[in-house]
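Biologist: Let us go through this structure by question and answer. Keep it brisk.

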Amino acid sequence: MRGVLDARGRLPGWTVSQAEYHGEEGRWHVTAVDATHRGRRPMHEAISASGETEVETLNALARLLEERAPSTP
C-alpha cells in the first residue's frame, strides 16, 4: 500500500478505491480516479489494476500511477 500512497501523493486530486475481490473471477481489482476539474467539465481519467492477490494488485496500481505521474528532477 505504501507504493500506492507514494504515487498518489505525486498526483493531486486522485482518489483510490478499496481493493475488491471478485470470487467468480478469482482476482482482485482496484481503481484510481482523477477527480480534478479542468475548465467547465471534470475530466475523470481512471486507471485500473487487477491481480491474483491484494498486494499484487496494489503494487500493479502503484506502477501504473508512477508511469502517469509527472517526473520530478
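## Strands, core and loops

Modeller: One point before the questions: this is a predicted model.

Biologist: What pattern does the protein follow along the sequence?

Modeller: There are 2 helices and 6 strands in the protein. Read along the sequence, they give α-β-β-β-β-β-β-α.

Biologist: How many bridges join E1 to E3, and which residue in E3 is the bridge partner of Trp14?

Modeller: E1 and E3 run antiparallel, and 3 bridges join them. Trp14 has its bridge partner in E3. That partner is Asp34.

Biologist: Which residue in E3 stands opposite Glu20?

Modeller: E2 is also joined to E3, by 3 bridges. These two strands run antiparallel. Opposite Glu20 stands His29.

Biologist: Which residue takes a positive phi in the hairpin of E2 and E3?

Modeller: The hairpin has 4 residues between its strands.

Biologist: Which elements give two or more residues to the largest nonpolar core, and which of them gives the most?

Modeller: The largest nonpolar core has 15 residues. Two or more come from each of helix H1 (2-9), strand E3 (27-34), strand E6 (46-51) and helix H2 (54-68). With 5 residues, the element that gives the most is H2.

Biologist: Which residues touch the most other members of that core?

Modeller: In general, nonpolar side chains tend to be buried together in soluble globular proteins. In this core of 15 residues, the most other members are touched by Val4, Trp14, Val30, Leu61 and Leu65.

Biologist: Take Val4. Which residues does Val4 touch, not counting those up to four places away in sequence?

Modeller: Val4 is one of the core residues that touch the most other members. Outside its sequence neighbours up to four places away, Val4 touches Val16, Leu58, Leu61, Ala62 and Leu65.

Biologist: Which residues of H2 are buried?

Modeller: An α-helix has 3.6 residues a turn, so residues three or four places apart point the same way. In H2 the buried residues are Thr57, Leu58, Ala60, Leu61, Ala62 and Leu65.

Biologist: How far apart are the end C-alpha atoms of H2?

Modeller: H2 has 15 residues. At 1.5 Å a residue, H2 should span 21 Å. The modelled ends agree with that: they are apart by 21 Å.

Biologist: Why is the aromatic pair of Tyr21 and Trp28 classed as it is?

Modeller: A search of the whole structure finds 1 aromatic pair. The ring centres of Tyr21 and Trp28 are 5.4 Å apart. Stacked needs planes under 30 degrees apart, and edge-to-face needs over 60. The planes here are at 55°, so the pair is tilted.

Biologist: Is Ser17 buried, exposed or partly exposed?

Modeller: Ser17 is in the loop between strand E1 (14-16) and strand E2 (20-22). Beyond its neighbours within four places in sequence, Ser17 is in contact with Val30 and Thr31. Buried means under 20% relative accessible area, and exposed over 50%. Ser17 has 35%, so it is partly exposed.

Biologist: How far apart are Gly13 and Val33, C-alpha to C-alpha?

Modeller: Gly13 is in the loop between H1 and E1. Among its contacts, leaving aside neighbours within four places in sequence, are Val33 and Asp34. Gly13 and Val33 are 20 residues apart in sequence. In space, their C-alpha atoms are apart by 8.4 Å.

Biologist: Last one. What percentage of the residues count as buried?

Modeller: The protein exposes about 5,000 Å², and carbon and sulfur atoms supply 51% of that area. Of its 73 residues, the share that count as buried is 25%.

Conventions:
Residues are numbered from 1 along each chain as its sequence is written. This is a predicted model: local features need pLDDT of at least 70, side-chain atom pairs count only at pLDDT 80 or more; totals for chains, interfaces and linings use all residues. Side-chain values use heavy atoms; hydrogens and water are left out. Buried means under 20% relative accessible area, exposed over 50%, partly exposed in between (1.4 Å probe, protein chains only). Contact means heavy atoms within 4.5 Å. A nonpolar core is a set of buried Ala, Val, Leu, Ile, Met, Phe, Trp, Tyr and Cys residues joined through side-chain atoms within 4.5 Å. Accessible areas come from the Shrake-Rupley method with a 1.4 Å probe; for residues, only the protein chains shown count as cover. The expected span of a helix is 1.5 Å times one less than its number of residues. Two strands pair if DSSP finds at least two bridges between them. Rings of Phe, Tyr and Trp (its six-membered ring) pair if their centres lie within 6.5 Å; planes under 30 degrees apart count as stacked, over 60 as edge-to-face and the rest as tilted.
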